[in-house]
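Please keep the sequence and the structure in view while working through them.

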Amino acid sequence: MRVVRLLRLRAALTLLREVPRRPASRGVPGSRRTQKGSGTRWEEEKREDRVKWRQLEHKGPYFAPPYEPLPDGVCFFYDGKPMRLSVKAEEVATFYGRMLDHEYTTKEVFRKNFFNDWRKKLKEEAEKLQQEFGYCILDGHREKIGNFKTEPPGLFRGRGDHPKMGMLKRRVMPEDVVINCSRDSKIPKPPAGHQWKEVRSDNTVTWLAAWTESIQNSIKYVMLNPCSKLKGEKAWQKFETARRLRGFVDEIRSQYQADWKSQEMKTRQRAVALYFIDKLALRAGNEKDDGEAADTVGCCSLRVEHVQLHPEADGCQHVVEFDFLGKDSIRYYNRVPVEKPVYKNLQLFMKNKDPQDDLFDRLTTTSLNKHLHELMDGLTAKVFRTYNASVTLQEQLRALTRAEDSIAAKILSYNRANRAVAILCNHQRATSSTFEKSMQNLQTKIQVKKEQVAEARAELRKARAEHKAQGDGKSRSVLEKKRRLLEKLQEQLAWLSVQATDKEENKQVALSTSKLNYLDPRISIAWCKRFRVPVEKIYSKTQRERFAWALAMAGEDFEF
DNA sequence: ACATGAACTTAGTACATGCTGT
DNA sequence: ACAGCATGTACTAAGTTCATGT
């Protein structure tokens, strides 16, 4: 067993390490990171950590052309006559400035074929673009790029109550774009009549192209797809850091519990904040410029108005009620009983403050992370989210899965475990527009089934009475039949209501974010192997590509 | 110490695609 | 074959983190 594990690990390592490395080069002239002479050895080591590629070649980003109006006099025909397009078809044609050269003979043929032809054409064009611009060569490997198109201009919406809502996002021009590739590679050509802002060759970063976006003046990058080796290796590193936390977490917890009683206010605040980050999986919560973005908060930026203290609630003592908008303006609402010292501290932190004042006024994400670095190498606030998410999945899977269950039941258990994590991380989604309808359909089915059960029960009673009266073999077999029918129906009803519960519980919970970013895929893969569940039932094709590193690495005995 | 900026991960939504029961 | 719903993908906004500049 041990040998198998070792071999697997070795295989995974080769997969990831196929990228040949060479000693750190001096970096790029002009790049800020290397402008200044290097400082301490620690800084040197930090730089060693960064990506170092030898060769990077790509075609640069794709610029979609501005939309052109449909030329005059061009329209669609059917039955030999010009066709008045439906509004939507017309929009599609105008919007993209393209047309079909088909002639449709009848209205039916038009209806039937227009959108199919249209879609086929779009798909072919997309595929062509993907092939031309969608890949790069990184150290001899053809790697898929994540976003190879520049973002089209449009009205900025933003999420939540965004102060910049409605502003025009400018078109990205080649003159805005910085290209990053090897000096000795085929340098991408800018579109005809245009020039790049700059071409550089910085092998300590992973982006291929970058531009400054016109709404927030932030930089947008063209980077690799999650299925690439480079991203895979980073994900692996991330989970390894989280796994390392397991060895430190007990001590860290007792440390912050002790710090609840510290003499120093700063330490107390840090200890309570860290407790929330650990227990409730809150985000770090950086300061934001108001007027630049929606008013949202995380742990360190919580304000007095976001928490309420209840000496007693829901039959528990010392209950804290959280109500605030987090990332993407998603509401976080939770009532949690906390330890008495935490409660007392919160009372202290809130004393003599206005609702708009910071709850943790002596704490910033920088100071918190600095403290975390001292506790464990590479530890930051977000590692706790990864750690607790993965640990929760592993625990829930252990608690919920039964070896003798059917595959369907096992998958249900997996989804339940996944859901527990999503709820912990507060991953929400809008209720889909069709939810009510499909739920109603399911409810109708349940209702029908219930009636059938009632009917079957009545018939069983009747059969029983008849059997009592007649006592012959025929009535006995009728009685048995009715009993079996009732059992079957009851089973079906139970399954339906399980489905309904599952659906209802999943209504506002998004499983995908935790699945893709927080759950160590090796846990899921090991679970699949242990319980003979095909991995395809858990991970779709792209997800399997994204987690290729884990598929090569994890045996059924993997422990997070 | 604090502000700014660069680089990278994480996030939900809209739309496309695929699947399933009729 | 096809409607109707579930699932998957593309897109890009919104976070975190770390380093540098002031």
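This is a predicted model: local features need pLDDT of at least 70, side-chain atom pairs count only at pLDDT 80 or more; totals for chains, interfaces and linings use all residues.

1. Chain A has a mean pLDDT of 83, and 82% of its residues reach 70 or more.

2. Two stretches call for caution. Over residues 1–46, pLDDT stays under 50; the model has 50 contacts beyond four places in sequence for this stretch.

3. An open sheet is built from four strands in the order β10-β9-β11-β12, and its pairing is mixed. The edges are formed by β10 (198–200) and β12 (219–222); each has a single partner strand, so one side of each lacks a neighbour in the sheet. On average, neighbouring strands of this sheet are turned by 20 degrees against each other, with direction ignored.

4. One pairing within this sheet can be followed in detail. Strand β11 (residues 209–212) runs antiparallel to β12, and the two are paired over four bridges. Within this part of the sheet, A209 stands opposite V222 in β12.

5. The backbone deserves a check at two residues. Most residues other than glycine have a negative phi. D139, however, has a positive phi, near 45 degrees, and R532 also has a positive value, near 55 degrees.

6. Where do D139 and R532 lie? D139 is found in the loop between β5 (135–138) and β6 (141–144), whereas R532 belongs to the loop between α16 (521–530) and α17 (541–546). Their surroundings can be compared through accessibility. With a relative accessible area of 6%, D139 is buried, because the cut-off for that term is under 20%. R532 has a relative accessible area of 64% and is therefore exposed, the cut-off being over 50%.

7. The UniProt record, an unreviewed entry, places the feature "active site" at Y518. Y518 lies in the loop between α15 (512–517) and α16. Is Y518 buried or exposed? Its relative accessibility is 15%, so Y518 counts as buried.

8. Which residues surround Y518 in the model? Apart from neighbours within four places in sequence, Y518 is in contact with F239, R385, T386, A389, S390, H427 and T513. With R385, the side chain of Y518 also makes a polar contact of 2.9 Å, which joins it to the side chain of that residue.

Definitions and conventions: Residues are numbered from 1 along each chain as its sequence is written. Chains are lettered from A and ligands numbered from 1 in the order in which they are written. Side-chain values use heavy atoms; hydrogens and water are left out. pLDDT is the predictor's confidence in each residue, from 0 to 100. Contact means heavy atoms within 4.5 Å. Two strands pair if DSSP finds at least two bridges between them. Axes are lines fitted to C-alpha atoms, for helices over the stretch in contact, and angles run from 0 to 180 degrees between N-to-C directions. Buried means under 20% relative accessible area, exposed over 50%, partly exposed in between (1.4 Å probe, protein chains only). UniProt positions are given in the numbering used here, feature names are shortened, and annotations may be inferred rather than shown by experiment. A polar contact is a pair of N or O atoms within 3.5 Å; within protein, one must be able to donate a hydrogen and the other to accept it, and residues adjacent in sequence count only if both atoms are side-chain atoms.
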